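Me: Hey, I'm new to this one. Can you walk me through it?

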Amino acid sequence: MKPFFDEFYDKYHRDLFQFIYYMVKNRQAAEDLTQEVYIKVLQSYQSFDGRSSEKTWLFSIARHVAIDYFRKQGTKRKRIMDFFNWEEKGESLKDGEPLPDEVVELSDQMREVYKALDQCTLDQKSVIILRYIQGMSIQETADILQFSDSKVKTTQHRGMQALKKRLQAREVDDHEA
């Protein structure tokens, strides 16, 4: 079991930690939840049947752990994403792959993006993180979230529209101030 776990850890730890960090936006909580995911992986690996990839299985566990965390917090936390350019690429995003520690050092503009994403739904945040930050396909995202492909596409579109609207509203507010 140890060789499996070591390989699994080396292969997925950074992506797993980033996913959880982007969901909860708290380093200590992300570290704790990442460990909780690994405990669940170790407890349930024998029941992993291979119907999905290990990564899809891992991120599905991570998403459920994050949802449980939000429930325990008694809040419906909202979602975040990374760099994008509405004018040139429409709804596509560029992933600059900042490390969680670098989030603290983001420019004021990027802080506004993160604040706007906090107002997205949990589903929108999950889709945006998996698709644009983690670089997963629509199919992988659907498998992790247990959504249909069309629900992933719809949620992604609505999330991007909501984000764009919120950022434009913030820009108007800033100009009026």
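Predicted model: local features only at pLDDT ≥ 70, side-chain atom pairs only at ≥ 80, totals over all residues.

Me: OK, how many salt bridges does a search of the whole structure find?

Reply: Three. In one of them, D15 meets K55, N to O at 3.4 Å.

Me: Where do D15 and K55 lie?

Reply: D15 is in helix 1 and K55 in helix 3 (residues 54-73), so the pair ties together parts 40 residues apart in sequence. Helices here are DSSP runs of H or I, at least four residues, numbered from the N terminus.

Me: And what does D123 form a salt bridge with?

Reply: With R63, the closest N and O atoms being 3.0 Å apart. D123 lies in helix 7 and R63 in helix 3, so that pair links parts 60 residues apart in sequence.

Me: Is R63 buried or exposed?

Reply: R63 counts as buried, at 7% relative accessibility, while D123 is partly exposed at 25%. Buried means under 20% relative accessible area, exposed over 50%, and partly exposed in between (1.4 Å probe, protein chains only).

Me: Which residues does the remaining bridge use?

Reply: E31 and R27, with the closest N and O atoms 3.2 Å apart. Both lie in helix 2 (residues 27-44), four residues apart, about one turn of the helix.

Note on methods
Residues numbered from 1 in each chain as written. Heavy atoms only, no water. Salt bridge = Lys/Arg side-chain N within 4 Å of Asp/Glu carboxyl O. Helix = DSSP H or I, 4+ residues; strand = E, 2+ residues; numbered from the N terminus.
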